[in-house]
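This briefing is intended for a reader who is new to the structure below. Please consult the sequence and the three-dimensional view alongside the text.

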Amino acid sequence: MRLGLVAAASLALVGTAAAQPRDPYADAPPTGSEQVAPADPVLAEQIAQSLVARAQELLEAKIWLDAKQLAVEAIVRSPKGQSSDHARAIVKQVNQQLGIPDEPEPGEVVGPHDTPSIDTRAIIAPLPPLHDQPEGGRPLVVANVHGAMFGATMGAMVGTFVSSSGGKQAGGAVALGLGGALGGALAAPVVADKLHWSPAQVRTAGAGATWGAVTGAFISDIATGTTGTTGRQILIGMGIGSTVGLLAGGGLATRDKLTTGDVALIDTFAGMGTIGGLTLGMLMQPVESEAYSLNAIVGAGAGIVIGMVAAPQTNTTQRRMLRVAGITALGAAIPFLLYAAIYDPSSDGDERLVGALATGGMVGGCYLGFRLTQGMDEGLDTIDGKPAKPAVDDAPPATITRSSTGHWGLGGVGVQPLSRTLDDHQHGTAFTLLGGRF
């Protein structure tokens, strides 16, 4: 009897324990930052590729938060897969758009327990207003500057036809120039916002207007001949050139193929060409202003063409080009300190010497600037967060090089001895300025 009761009680307890409800979340897979990659690396990479593809679509649609979230999940699933570099580029681009400083990348080991570190601040943070997104500068400020410059040029041109109280053209030009600058600064952001232009697009159109105005001024000087050029003629040329340049730059901006770094590189080369044309003009004595103007036009045009070809193939940002332009300008300016000491009104030799030194100093400063900033902001000169094409250093020895992947760079001084089979008695060297592989 007692054994039967004990057995019955034991069976009841077992039945009761088996009948207790299970925790439905006890065996649930981890979510969020606790997710781990599947055991099968091939499956994990396939999932990651799908996530990255969708993240790229969201990035192009400017849905920043969702794009980063999918990219983070892709990195967690396959941190070392083929899709991980693309995912990290998307995360970096979103961080730039949202103004978030770079933190340890998702999937990077940062602790003793090998736990992936995921920055979730961009996922929970609100999206900043459009004009506060730091992609190459604030669109509002960029549009203000270029709008003010264009408005001032057009206002001053019109103002030359309005005489001041003293009967001088300068009074009307100054008054309407200031008014045009204010109107342009207020109107340009509205236009840029209507067109949904990025800072790079605004800078592209603004650069076209700027260099159009410079070219127009020099063309006016040439067109008026050697009889002298008035201020009204110069401003008319600037106004026409600025308008044509704005239209050309605006057309190029609609293609949206240039970054802010590309525009900065084009501006730098155009400025170097203009200054170089003027310093080379010092070698051409006696002085003739029309010759200086022609040199400047040719130099600016050559600089723009070189910049347009080289910019998309190089890694340049505004910060890097600011340093390059500063060192270049310093190299061109230093020889003019010598000019104050050797100036001789009875001779042209001092102008020729300073002009040659300034031209050489500008080229040397540009070379030094690129050398000193080599590697700066590597990988940041991209459009829509797409990974930059990897550079392959297979160019032949030369001062300016182009690799088979289209990457332009500075390769040093390409001096090589000439073959003795050409001449047994004279041994020379060859200096290679430009070398490329296609």
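The points below cover the salt bridges, then one glutamine, then one valine.

The structure is a predicted model, in which local features need pLDDT of at least 70 and side-chain atom pairs count only at pLDDT 80 or more, while totals for chains, interfaces and linings use all residues. Residues are numbered from 1 along each chain as its sequence is written, and side-chain values use heavy atoms, with hydrogens and water left out.

**Salt bridges**

- A search of the whole structure finds two salt bridges, a salt bridge being a side-chain nitrogen of Lys or Arg within 4 Å of a carboxyl oxygen of Asp or Glu.
- One of them joins the side chains of R54 and E57, with an N to O distance of 2.9 Å.
- Both R54 and E57 belong to helix α2 (residues 41–60), where they are three residues apart, about one turn of the helix; helices here are DSSP runs of H or I with at least four residues, numbered from the N terminus.
- R54 is partly exposed because its relative accessibility is 44%, and E57 is partly exposed because its value is 45%; buried means under 20% relative accessible area, exposed means over 50%, and partly exposed lies in between (1.4 Å probe, protein chains only).
- A salt bridge also links the side chains of R77 and E73, at 3.4 Å from N to O.
- R77 and E73 are both found in helix α3 (residues 64–77), four residues apart, about one turn of the helix.
- R77 counts as buried because its relative accessible area is 17%, whereas E73 counts as partly exposed because its relative accessibility is 24%.

- Q201 is located in helix α8 (residues 199–223).
- With a relative accessible area of 8%, Q201 is buried.
- A polar atom of the Q201 side chain lies 2.9 Å from the backbone oxygen of A253.
- When neighbours within four places in sequence are left aside, Q201 is in contact (heavy atoms within 4.5 Å) with H196, A253, T254 and D256.

**Position of V158**

- V158 has its place in helix α6 (residues 139–159).
- The relative accessible area of V158 is 44%, so this residue is partly exposed.
- V158 and G180 are separated by 22 residues in sequence, and their C-alpha atoms are 9.7 Å apart in space.

Conventions: Helices (H or I, at least four residues) and strands (E, at least two) are DSSP runs, numbered from the N terminus. A polar contact is a pair of N or O atoms within 3.5 Å; within protein, one must be able to donate a hydrogen and the other to accept it, and residues adjacent in sequence count only if both atoms are side-chain atoms.
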